[in-house]
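Dear colleague,

Please find below the structure that I am handing over to you. My notes on it follow directly after.

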Amino acid sequence: MADTVLYEVSDGLATITINRPEAMNAMNVEAKAALRDALRAAGADTGVRAVLLTATGRAFCVGQDLKEHITLLASDRESGTRHTMNTVRDHYNPIVRAITEMPKPVVAGVNGVAAGAGMGFALAADYRIVADSATFTTSFAGVALTADSGVSWTLPRLIGPGRAADLLLFPRSITAQEAFELGIVNKLVPAGDLAAEAAAVARALAGGPTLAYAAIKESLAYAAGHTLGETLDKEDELQTRAGASEDHAIAVQAFIAKEKPTYVGR
């Protein structure tokens with residue numbers, strides 16, 4: 001059987017591919033652990049400058065593997081335990097934290113339906129490039145569950161609390177075009193072009209000023225939970241650090257010389 005998650009590093013870009021196409025990339029225990037571990041590996045690898053998260057087949061990820069889930073719930077009932085729902089703490093939360101907290105940009109290349117936790121993984125990424133045939137749905141309320149995988153935090157920040165409540169309370173499939181209009185999608189491309197376009201975007205980020213990208217990512221996360229005054233102080237801290245970097249000096253020298261900079265990540 002093929003690995004449930006594929007991991008490859010080339011020229012500073014880590015490509016992480018969810019690989020359960022026969023199950024529309026539903027997340028069973030094996031796949032959740034593999035995705036968590038692959039993202040952690042990419043975050044810790046100093047040779048990785050950017051990450052592309054994508055999937056095989058016709059779906060990006062439809063969230064929890066409900067066939068496995070119902071079996072595990074039955075086992076819990078028989079044993080009088082509640083281990084099954086520990087997956088949020090053990091898998092989904094670490095996956096989202098690995099995406100959002102790594103100091104490098106993460107691109108989601110959404111090739112098809114992104115539902116439930118799969119939508120959460122896409123929303124956690126820093127940039128979403130999406131096939132025009134893809135769809136999004138929150139799914140959770142449809143199986144009598146609440147939001148997880150960070151959706152209750154990321155979705156209202158992208159589209160506003162009112163629209164987020166609508167999509168969570170009344171889950172429905174929204175097209176890639178509607179998702180683009182709502183602000184969920186950064187770039188919409190023809191389905192046949194997704195793989196090449198997503199790789200191009202991710203490689204451009206891998207070749208860019210990664211220290212600056214890390215600071216931008218940190219500042220956006222910080223600003224989401226702090227006042228303007230606190231954010232201004234944070235910007236001062238981060239800009240001072242970025243200004244002292246070798247990458248900044250390289251960028252300024254290249255600008256003056258009208259040359260393309262080659263960044264070193266220092």
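In what follows, axes are lines fitted to C-alpha atoms, for helices over the stretch in contact, and angles run from 0 to 180 degrees between N-to-C directions. Helices (H or I, at least four residues) and strands (E, at least two) are DSSP runs, numbered from the N terminus. The model is a predicted one, in which local features need pLDDT of at least 70 and side-chain atom pairs count only at pLDDT 80 or more, while totals for chains, interfaces and linings use all residues. Residues are numbered from 1 along each chain as its sequence is written, and side-chain values use heavy atoms, with hydrogens and water left out.

Helix pairs

Two packed helices are described by the angle between their axes and the distance between the axes. Helix 5 (residues 151-159) packs with helix 6 (residues 161-169) at about 130°, and their axes are 7 Å apart. Helix 5 is therefore oblique to helix 6; angles under 35 degrees count as roughly parallel, over 145 as roughly antiparallel, 65 to 115 as roughly perpendicular and the rest as oblique. The crossing of helix 5 and helix 6 is right-handed. A crossing is called left-handed if the near helix is turned anticlockwise from the far one by less than a right angle, and right-handed if clockwise. On the side of helix 5, V151, L155, P156 and I159 meet P161, R163, A164, L167 and L168 of helix 6, where contact means heavy atoms within 4.5 Å. Sorted by class, this contact of helix 5 with helix 6 has eight nonpolar, no polar and one charged residues. Here Ala, Val, Leu, Ile, Met, Phe, Trp, Tyr, Cys and Pro count as nonpolar, Asp, Glu, Lys and Arg as charged, and the others, Gly among them, as polar.

Helix 1 and helix 3 pack at an angle of about 30°, their axes being 9 Å apart. Helix 1 is thus roughly parallel to helix 3, and the crossing of helix 1 and helix 3 is left-handed. Helix 1 contributes V29, K32, A33, L35, R36, L39 and R40 to the contact, and helix 3 contributes T87, D90, H91, Y92, P94, I95, A98 and I99. The classes in the contact of helix 1 with helix 3 are nine nonpolar, two polar and four charged residues.

For helix 9 (residues 210-223) and helix 10 (residues 228-243), the axes come within 10 Å and cross at roughly 170°. Helix 9 and helix 10 are therefore roughly antiparallel to each other. Their contact involves A215, E218, S219, Y222 and A223 of helix 9 with E230, T231, K234, L238 and R241 of helix 10. It has four nonpolar, two polar and four charged residues.

Core and burial

How many residues does the largest nonpolar core have? It has 48 residues, and L35, F121, F136 and I184 are those with the most contacts inside it. A nonpolar core is a set of buried Ala, Val, Leu, Ile, Met, Phe, Trp, Tyr and Cys residues joined through side-chain atoms within 4.5 Å. Buried means under 20% relative accessible area, exposed over 50% and partly exposed in between (1.4 Å probe, protein chains only). Helix 4 supplies the largest share of this core, six residues. Another core, of 13 residues, lies apart from it and has V189, V201, A202 and L205 among its members.

Eight of the eight residues of helix 4 (residues 117-124) are buried, so this helix is largely enclosed by the rest of the structure. Within helix 4, F121 touches M27, L35, L53, F60, C61, Y92, I95, V96, I99 and S149, not counting residues up to four places away in sequence.

Individual residues

A114 is located in strand 6 (residues 113-115) and is buried, with a relative accessible area of 0%. Its C-alpha atom is separated by 5.3 Å from that of F60, 54 residues apart along the chain.

V88, in helix 3 (residues 87-101), counts as partly exposed at 21% relative accessibility. V88 and D148 are 60 residues apart in sequence and 7.1 Å apart in space, C-alpha to C-alpha.

Most residues other than glycine have a negative phi. N25 has a positive phi of about 60° although it is not a glycine; N25 lies in the loop between strand 2 (13-18) and helix 1 (29-44) and counts as buried at 0% relative accessibility. S139 likewise has a positive phi, of about 70°. S139 is placed in the loop between strand 8 (135-137) and helix 5, and at 25% relative accessibility it counts as partly exposed.

Yours sincerely
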